[in-house]
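Please look over the sequence and the structure before reading on. The paragraphs below then lead through the arrangement step by step.

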Amino acid sequence: MAELTYRHAVARGIAQEMERDPTVVMIGEDVAAAGGVFKTTEGLQARFGPERVRDTPISEQAITGALMGAAMNGLRPIGELMFSDFLMVCWDIVANQIAKTRYMTGGQVSLPLVIRTANGGGTRFGGQHSQSLEAMVMAIPGLKVVAPANPRDVIGLMAAAVRDDDPVVVFEHKKLFAMKQDVPDGEIVDRLGVATVVIPGSDVTIAALAAMVPVAEEAARRLKESGVSAEVIDLRSLVPLDTQTLLGSVSRTGRLVTVEENPRLCGWGAEVASIVAEEILWDLDGPVVRITTPHIPLPSSAELEDLAIPSPERVVEAVLRLQ
Amino acid sequence: MVTVVTTPDLRLTLYRGMVRARYFEQRVYDLFLEGIVKGTTHLGLGQEAVAAGFAAAMHPGDMTFCTYRGHNHTLLRGAPMGALIGEMAGRSIGICGGKGGSMHLTDVPKGAMGSYAIVGAHLPIAAGAAWAAVVRKTGQVAVCFFGDGATNIGAFHEALNFAAIWRLPVVFVCENNLYMEYTPISAVIPVEHPAADRARSYGLPPLIVDGNDADAVHAMATDVIELARRGGGPSLVEAKTYRHKGHSRADPGTYRPQHEVEAWLAYDPLRIYRDRLLEAGIAASTLDQIERESMSEVDDATEQVRNASPPDPATLETDLWADGGSSWRN
Ligand SMILES: Cc1ncc(C[n+]2csc(CCOP(=O)(O)OP(=O)(O)O)c2C)c(N)n1
Ligand SMILES: [Mg+2]
């Protein structure tokens, strides 16, 4: 057991897989010599050499295209898109090429690749460096999506992503990079599509992802003081989605609140809410409530951004209204 | 190329532009360390001659497109300093109401058509603005500033080809400060000059200018802007320069060799220009006065920002749509 930050967990997770499997390589802008702009890949080039850990030009289409080509030809490449917003720059490669190729070739082509990218707001960077794009990726058939909320899960989900035979987008959250946690020594490997109950409870289920997990946890602590027992679920993986854990919890509590950092329209919570409505409507004791950012780009002003992103206060208020 | 004769008036304009940009960005840096400017900043300290030279060659209706490292371009097109710092500090007086931040400074009435934070995105956009100028016969020219690293992104190549075949009145200016973030540009291009060596691919002449020499930049700017205005089509200019500070925020820039940094600091565009003006017989007191006036402008702007309120919470959900709101359902 040792204390580890979320940012160091990224490097540890990648190193664990590179150590194990010589076909794992990593590329991206400033990831090698400089160790990444968020210092998430420090030491990897020194440890694994310039062949396997390599800096690229500012060429997101070339980066993601090269991941695909390399995956077609025997590597398990990891590529970094510095900010998830840059997915838009290479969306053809990601959504048209990488996502569809196994299916369109009748299963001939396997693309075991990982796209890691820094997601989310709260950093005052403004609209083009703050988006939460997990729902956009989730909407494309052929892409798997994970978003760890703590250092341990960064390692476990990174390993699962690298070992998976399909393309996986790993959303690392910028607001969580400094988060610390005691992490077990040795290999950590998760399975994709397993949610965790981080706080058990009986009155309401609060489902959250990435940086919204600590928000939901804080809300649950405050709700406890008001006599409400909230169960907090960290989804961890959107595709595949652990509906069993989720539906089991909601059936017991009878209430569901989703806490989503994405703007309102078509956020992952909309999919979750529709599954609940279709499959366990009669177990509900009240409406499903989605707490999201409004349908706006994120503003850079601290006061406005804090108002936009879901806060513990907003979660508490929504839950109390449901009781 | 025509060589433009620089008059004393013009030279003082260039000097004033550089001094204002320098003091302004130094203050932004201090305010960032103080926690007043939030998020991030990408300073153009050391690159002021490019901004001053081009701004002085542009006409009032001309359009500037720049990157996150464009505080100086936006200022020198005439945007008010208090509103620029206010934007970086996320205050209500910000030029975008606090919604854009340091990477998105924009002042449309002044022709500062935006700062773009996705590398390369604004090159085709500038071409489009130039196309509109042709269609509407306005005589405007668009000037688009970007870094050396941006020459490696697809949008650069698409925009150059597009502007060249349509002969659009747009000037593409690569501010080659030798680094894309922490990586030396030489490590990620197979040629020596990221922009100039690629110009021929678009049927354009390779143009290189000393980006720390305000006179040289201004002369080049005047030539290419007037060429564009006359219908002679686009140009691609590579201005050789250097940023004095790190890439962004408090980056100490340790990936750059000490001797290289020192050499470029010694070749400071302000210092060399001041010396040149003194040599040309301009009185030191005239230059001192420009410096004093610029400093008091910066101090005033800082005061405005310190006294400014945060944005009204009600503005969070304004201005998504043309009707001023952001609603999407009834
Ligand atoms: C499409 C895209 N990729 C990556 C980035 C991250 N990024 C911001 S600035 C920068 C370096 C740009 O270098 P250069 O074009 O030389 O401009 P400079 O910063 O030196 O002015 C990078 C990689 C980005 N903003 N957009
Ligand atoms: Mg550069």
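What follows describes the ligand site and then the domains.

This is a predicted model, in which local features need pLDDT of at least 70, side-chain atom pairs count only at pLDDT 80 or more, and totals for chains, interfaces and linings use all residues. Residues are numbered from 1 along each chain as its sequence is written, chains are lettered from A and ligands numbered from 1 in the order in which they are written, and side-chain values use heavy atoms, with hydrogens and water left out.

Ligand 1 is surrounded by 22 residues (each with a heavy atom within 4 Å of the ligand), and the closest of them are Glu60(A), Tyr68(B), Arg69(B), Ala117(B) and Gly149(B). Because the surrounding residues come from chains A and B, the site is shared between chains.

Among the polar contacts (pairs of N or O atoms within 3.5 Å), a nitrogen atom of ligand 1 lies 2.8 Å from a polar backbone atom of Ala117(B), while an oxygen atom of ligand 1 is 2.9 Å from an N or O atom in the side chain of Asn177(B). A polar side-chain atom of Glu181(B) is 3.3 Å from a nitrogen atom of ligand 1. Of the 590 Å² that ligand 1 exposes when taken alone, the protein buries 97% (Shrake-Rupley method, 1.4 Å probe).

Turning to the domains, chain A is divided into domain 1 (2-183) and domain 2 (196-322), with bounds from an automatic or database domain assignment. Their C-alpha centres lie 26 Å apart.

Definitions and conventions. A polar contact is a pair of N or O atoms within 3.5 Å; within protein, one must be able to donate a hydrogen and the other to accept it, and residues adjacent in sequence count only if both atoms are side-chain atoms.
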